[in-house]
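Try each task before you read its solution.

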Amino acid sequence: MNSPSTAAPQVSAAESIDLRQSADPRRILADRVRQLYSQMPLAIVGSFLISAIAAYELREGRFVEIVVFWAGLVVLLTLACAGLYWGYRKSARKIEEAAQWLRWLGISALAIGATWGFAGAVFFPSHADEQQVFLALVISLLVAAGIPIYAVSWPIYAAYAAGILFPFTYVLATFGNKLFAEIALIVPAFYLLNVGIAYRLNGVFDSGFRLRHAYGKLTEDYTALNQRLEQQLVELEEARRQVEASGRKLALFAERSPIAVFEFDPAGRILSANPAAETLFGFSSREMVGRPGTDTLFPSGAKDDIRARWRSLIQSREPVFGLRLSNTRRDGAEITCEWSLTPLVNPENLVISVIVQGRDITQQLEAERMKQEFTSTLSHELRTPLTSIIGSLQLINSGVLGEIEKDTLELTTIAERNGQRLLDLINDILDVEKIESGKLTLFPEVLDLGELVNESLALNRGFADGFKVRLATAGELAQVRVNADRKRLLQVMTNLLSNAAKFSPEGSVVDVTLENIDGGKVRVGVHDCGPGIPEDFRDRIFGRFAQADMSYTRQKGGTGLGLSICKRLLEMMGGRIGFSGREGSGTTFWFELPQQA
Amino acid sequence: MPAQALNRICYVEDDEDIQRIVRMSLERVGKMTVEVVGDPLVAIDRIIAFKPDLVMLDWMMPGMDGPTLYRKMLETPETKSMPVVFITAKASQRELDELRKLGAAGTISKPFSPKDLPEQLRAIWQALP
């Protein structure tokens, strides 16, 4: 069985292999090249000195000219090598061009080796025994000394040593001396042994470079990791501070909130309650905590219903908003509250607790009821006397009761018109009230829009005549069916036509068009030749009590509610309303409705 | 459509001003014979006595409202088949629909135009089966 202590080194050995492999090969090559070039000054100086000594020793042979030639070659090569070394030192692209520098170094090594090989091949046969021994020794020395210098790249060393030994071996083998022939057999073995050593050393160097880089990278990684860790610690601390601050804020919100805020456990027991909840229900927080909400906050008759709602809330885990429920206070008074319930769910999808917010809407409901009652009464109480007023004036003005004097008729006509205006205003206000309270019900039916438009024109001709404006359709209207509330659509048409008539110049024509448009819709347009809609009024034209110029109200009548009612009515019928045209060049009010198949 | 033209109208209405306007409208404009009843509690007897072609009922009246009176008429053999038109300033569309279902011939909303009232009644009369 492996104990942790024995397992650890195995792991670290495996890691170290991985580590070495993780080093960047480009950087390793560059390191090797740098190592090779760093030995170059020693090699150049050493090689030059040995060459000088050798040239001095060998000067007395038969071929002095050749010795001089060789010495010159050595000098040239030394200069070339020094140049190469200088070039490398100055290079700014040592890493990127490492392979190229290695190639040049290999060539220089081969050239040095070959120069010595030339010396061995040429001077060995031509000299006396002592000099031959000297030469053999020098050659052996050079081959051996090449190992530490070139072993970082064994192929370079192999080329260098081959350059020295191969010509020399050839000369030994072909000298005609048995001893030399035997030595010639040993030299390749010596060569192979040296290349083998260089190869091993190359491996050792390589491994060393890899480790150095891997370690460097490890250190970098470690430093980066450390920095990241520190950064994360800072962020974590900041996050903690923020959470703490928002927690304090939340607590403050709940504490100061005018809305009652409770926290319930999933079983429906109160976990906490804010001061507004205490005020609303008359219990202290301490009295409420731990007790079931159903027993504390609800009338006894509603408990089963509340429990069922609670179970479905916990099951669905979905928040509930705007829930209106009857509640009881400590003093037994029944109130109506509007509640929002938000289950808090943990990552395992279980409900931890439920945040419940509620406000007392008893007074609001009572106010709404009173407002409705008031509106309804107002409607009746205003319409009844108006029936008498308008009815009487209409009978007088119609002439069925006999001729009346001109001035009187003028005044009774004014009285009738203003009675009608008052009635329009009451009707509009009642419509707005109904729309806003959601009490307006539409009675849609499939009807021919063309027919309805014609009917609306007939109904409003009398009104337009009063402004000396003619209402007309642009040609025969197409037969288009829509699903709409007949009475309310006539109300919309009446509104648009009466507006157009009121704002058109005397003697002009209000054109009504009906066309099919894209998206299966139909558009009715009412085009007038009026002054157009002022730029600054365009945004609020469909708002309530909207009139471009309040003096129009007095001149032309109207409540300023008509277009806002039209807009809402059309929206309720799935349509929309809009207008186009510029100030000073007439206006087209249009509405669109979905066409009925 | 009934065989004879609309002529005799009985109108139950508590507001004296409106009583007078409706009477004038129907008599002067519509050339009809009108019986006006101010108290809904005695209305059934007066309707039976007058034998109108059509009965007009106000919606809101002290003592008994129009719909209640209408139900009473439906329970009374002599009045149950008389066409009834409601004149109202208030009723919701749902209430009006309910009355139509019970058999009311039509509704006219307040304020109505006395100039057009006889025509409106004749249109309702002609639409009757």
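**Exercise 1.** Work out which element gives the largest share of the lining of the second largest pocket, and describe the rest of that lining.

*Solution.* Please keep in mind that this is a predicted model.

- Step 1: Start with the largest share, which is six residues from helix 11 of chain A.
- Step 2: Now take the whole lining, which has 20 residues; nearest the centre of the pocket lie F298(A), I306(A), R309(A), W310(A) and L341(A).
- Step 3: Finish with the volume of the second largest pocket, about 360 Å³.

**Exercise 2.** Describe the interface of chain A and chain B, with its area and its polar pairs.

*Solution.* 

- Step 1: Count the residues in contact: chain A brings 18 and chain B brings 19.
- Step 2: Turn to area. The two chains bury about 1,700 Å² between them, and carbon and sulfur atoms account for 71% of it.
- Step 3: Find the residues of chain A that lose the most area to chain B: H380(A), T387(A) and L395(A), together 31% of what that side buries.
- Step 4: Look for the main contributor on this side, and you reach helix 12 (residues 362–398) of chain A, which gives the most, with 13 residues.
- Step 5: By class, the side of chain A that touches chain B holds six nonpolar, 10 polar and two charged residues.
- Step 6: Close with the pairs across the interface: zero salt bridges, and two residue pairs in polar contact, both at pLDDT 80 or more.

Terms used:
Residues numbered from 1 in each chain as written. Chains lettered and ligands numbered in written order. Predicted model: local features only at pLDDT ≥ 70, side-chain atom pairs only at ≥ 80, totals over all residues. Heavy atoms only, no water. 1 Å grid on protein atoms, 1.4 Å probe; cavity = no way out; pocket = protein on both sides within 12 Å on 5 of 7 lines; lining within 4 Å. Points joined across faces, edges and corners; volume = space filled by probe spheres on them. Helix = DSSP H or I, 4+ residues; strand = E, 2+ residues; numbered from the N terminus. Contact = heavy atoms within 4.5 Å. Buried area = accessible area lost by both parts, 1.4 Å probe. Salt bridge = Lys/Arg side-chain N within 4 Å of Asp/Glu carboxyl O. Polar contact = N/O pair within 3.5 Å; in protein donor to acceptor, adjacent residues only side chain to side chain. Nonpolar A, V, L, I, M, F, W, Y, C, P; charged D, E, K, R; others polar.
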